[in-house]
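Biologist: I would like to learn how to read a structure like this one, feature by feature. Could you take me through it slowly?

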Amino acid sequence: SEDGEDGEAKASGSNSPYESPVRSRQVPVSTLGSRYSVTEAFPVYVQFLASAHVAEDFEALIEEEEEEDYFTPAVKSVEARVCSLREAVRSNVWVPDFIDLVSSYPFMRSYDSPETTAKCSACRRTNDKCASELALEGPRYNAKDLWCGPCAENYPNSDTEGKGPEPVRVGKSCIQRTRIFHDLTHYKFNLLRETRHRIERTRDINPHADDAALIEAVLNETWVQTLQDKFTKMVEEAEKFRR
C-alpha cells in the first residue's frame, strides 16, 4: 500500500482471521479488533509475503474475504510506515533522473573514491565534494508497482544479482541519505526475496513439504525476530533524516 496513515492501520473487528489454505497458524496479536502497532503487524506481514509466494492467487483470495481479513491491516501498517519514511528521507534537491535510477535497482554498493569537484549525481551541485561512488545492481524493476500491486505480478522473474548501469558519484551530504532511501524503496523486494529463498531452501530439504510446513518455516520465531530487528534498525536510521 503506497498510501496510508503513518505506522498504524485499522484492524478488522473479527477475531476469526481469514482461513487461507496456506495460513498455517495465526500469529498472536494482542489488539485484534482495534489497531495493529507496527511491532505487532510485522510477523503477520512476513506471513502475508510468504503466503503470496506459496499461492499466487492468495492476494486475490483475501480481497474476497475482506470482512474476515487478518492480513490487510498488518500490511497497511508496515507498508505505510516504510513508504512515509521513504518520502520523508527523499531530498527535495535531488534530480528526478537520480531518484528514478536509485529506485530501479534493488542492490547497491557504495565505496569511497578520490574526492573531486565533479557535480554530485543526486543534487547536481559542485559545492558538495564527491568522495563516494554508488554501484547499482540487480534486476531492473518498478518498485512502485511492487508496493502498490500484487506480489506475483510485480516481483521480477529473476531476483539474482546482475550488472547495472555505470557507477555514479555522490557528494558527502547526499550519500548516507541515498543509502537509507534505497533501503526503504527496495525493502519490500528484499524482504520478499529473503522469504522466497527460505521457502525454496525448505523445499530443497523436504520436497514433500506441504504449504503449511513452508509457512511454518518462514514463521520461525528466531528468524522473524532477526528480520524485525533489521527493520527496526532501518526505521531508526531513517528517522534521523526526516526533512
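**Reading the fold and its side-chain pairs**

Modeller: Let us begin with the chain as a whole, where residues 24 or more positions apart account for 81% of the contacts with a separation of 6 or more. Please keep in mind that this is a predicted model. The protein chain has 10 helices and 5 strands, and of its 243 residues, 51% count as buried.

Biologist: Which residues of helix α4 are buried, and what covers them?

Modeller: The general idea is that an α-helix has 3.6 residues a turn, so residues three or four places apart point the same way. In helix α4, which spans residues 96-104, the buried residues are Phe98, Ile99, Leu101, Val102, Ser103 and Ser104. Their cover includes the strands β4 (130-137) and β5 (168-171), together with the helices α5 (143-148) and α7 (172-185).

Biologist: How should I read a salt bridge, and how many does the structure hold?

Modeller: In general, side chains of opposite charge can pair when their charged atoms come close. This structure holds 8 salt bridges, and one of them joins the side chains of Glu79 and Lys188, with 3.1 Å from N to O. Glu79 lies in helix α3 (residues 72-89) and Lys188 in helix α8 (residues 187-205), so this pair ties together parts that are 109 residues apart in sequence.

Biologist: Are Glu79 and Lys188 buried or exposed?

Modeller: Glu79 counts as buried because its relative accessibility is 0%, and Lys188 also counts as buried, at 2%. For another case, look at Glu237 and Lys240, whose closest N and O atoms are 2.9 Å apart in a salt bridge. There Glu237 is partly exposed at 24% relative accessibility, whereas Lys240 is exposed at 60%.

Biologist: Which residues are linked in a network of salt bridges?

Modeller: Arg86, Glu87 and Arg90 are linked in such a network, and within it the side chains of Arg86 and Glu87 meet at 2.8 Å, N to O. Arg86 is buried, with a relative accessible area of 6%, while Glu87 counts as partly exposed at 30%.

Biologist: What describes a pair of aromatic rings, and how many aromatic pairs are there here?

Modeller: A pair of aromatic rings is described by the distance of the centres and the angle of the planes. The structure holds 12 aromatic pairs. Among them, Trp94 and Phe98 are edge-to-face, with 5.6 Å centre to centre and 70° between the planes, and both Trp94 and Phe98 are buried. Tyr155 and Phe189, by contrast, are stacked, with 5.2 Å centre to centre and 15° between the planes. This second pair links distant parts of the chain, since Tyr155 is in the loop between α6 and β5 and Phe189 is in helix α8, 34 residues apart. Tyr155 counts as buried at 6% relative accessibility, and so does Phe189 at 0%.

Biologist: Which rings are linked into a cluster?

Modeller: Ring pairs link Tyr45, Phe48, Phe58, Tyr70 and Phe71 into a cluster.

Biologist: Finally, where is Thr160, and which residues does Thr160 touch?

Modeller: Thr160 sits in the loop between α6 (151-154) and β5, and is partly exposed, with a relative accessible area of 47%. Leaving aside residues up to four places away in sequence, Thr160 touches Phe107, Gly138, Pro139 and Arg193. The C-alpha atoms of Thr160 and Phe107 are separated by 9.7 Å, although these residues are 53 residues apart along the chain.

Definitions and conventions. Residues numbered from 1 in each chain as written. Predicted model: local features only at pLDDT ≥ 70, side-chain atom pairs only at ≥ 80, totals over all residues. Heavy atoms only, no water. Salt bridge = Lys/Arg side-chain N within 4 Å of Asp/Glu carboxyl O. Helix = DSSP H or I, 4+ residues; strand = E, 2+ residues; numbered from the N terminus. Buried < 20%, exposed > 50% of the residue type's maximum accessible area, 1.4 Å probe, protein only. Contact = heavy atoms within 4.5 Å. Phe/Tyr/Trp six-rings, centres within 6.5 Å; stacked < 30°, edge-to-face > 60°.
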